[in-house]
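Please keep the sequence and the view side by side while reading.

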Amino acid sequence: MEISKLKLELYDLAAIILPGFFLMAEFTVLFVGWPRTLTYARDIHGAELTLLLLSSFAIGNLVQEAGDRLIKKLVDKRFFKQARDRFWTSALKKDVC
């Protein structure tokens, strides 16, 4: 495996790591409280930050999957395919076929 192929994209940060981090922060504040959470945040070191980011990535994937399943359960399974379905029932499909 080449190191050059390992890259962190904006999608990874915005859609996976941040939701995982926010969920962990919420539970930390809920169970520990604000004063101790701020103390932990001030005293964090490099190895702990790395572990926090890796955990955020793992939990963020679970948060993203849970959100996807919730949306699909609340709306029809073809919710994300409605535009495609409307296109194939329209008169424009003759131009593509």
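Helix 1 covers residues 10-32, and its 23 residues should span 33 Å at 1.5 Å a residue, which agrees with the 31 Å between its end C-alpha atoms. The expected span is 1.5 Å times one less than the number of residues, and helices are DSSP runs of H or I with at least four residues, numbered from the N terminus. The model is predicted: local features need pLDDT of at least 70, side-chain atom pairs count only at pLDDT 80 or more, and totals for chains, interfaces and linings use all residues. Residues are numbered from 1 along each chain as its sequence is written, and side-chain values use heavy atoms, with hydrogens and water left out.

At Ile17, helix 1 bends by about 35°, and Pro19 follows within four residues. The bend is the angle between axes fitted to the seven residues ending at a residue and the seven starting there. Asp12, Ile16, Ile17, Gly20 and Met24 are the buried residues of helix 1, where buried means under 20% relative accessible area with a 1.4 Å probe, protein chains only. Their cover includes helix 3 (46-74).

After helix 1 comes Gly33, with a positive phi near 105°. Thr37 lies in helix 2, residues 34-42. Thr37 counts as buried because its relative accessibility is 14%. Apart from neighbours within four places in sequence, Thr37 is in contact with Thr28, Val29 and Val32; contact means heavy atoms within 4.5 Å.

Terms used:
Helix = DSSP H or I, 4+ residues; strand = E, 2+ residues; numbered from the N terminus. Buried < 20%, exposed > 50% of the residue type's maximum accessible area, 1.4 Å probe, protein only.
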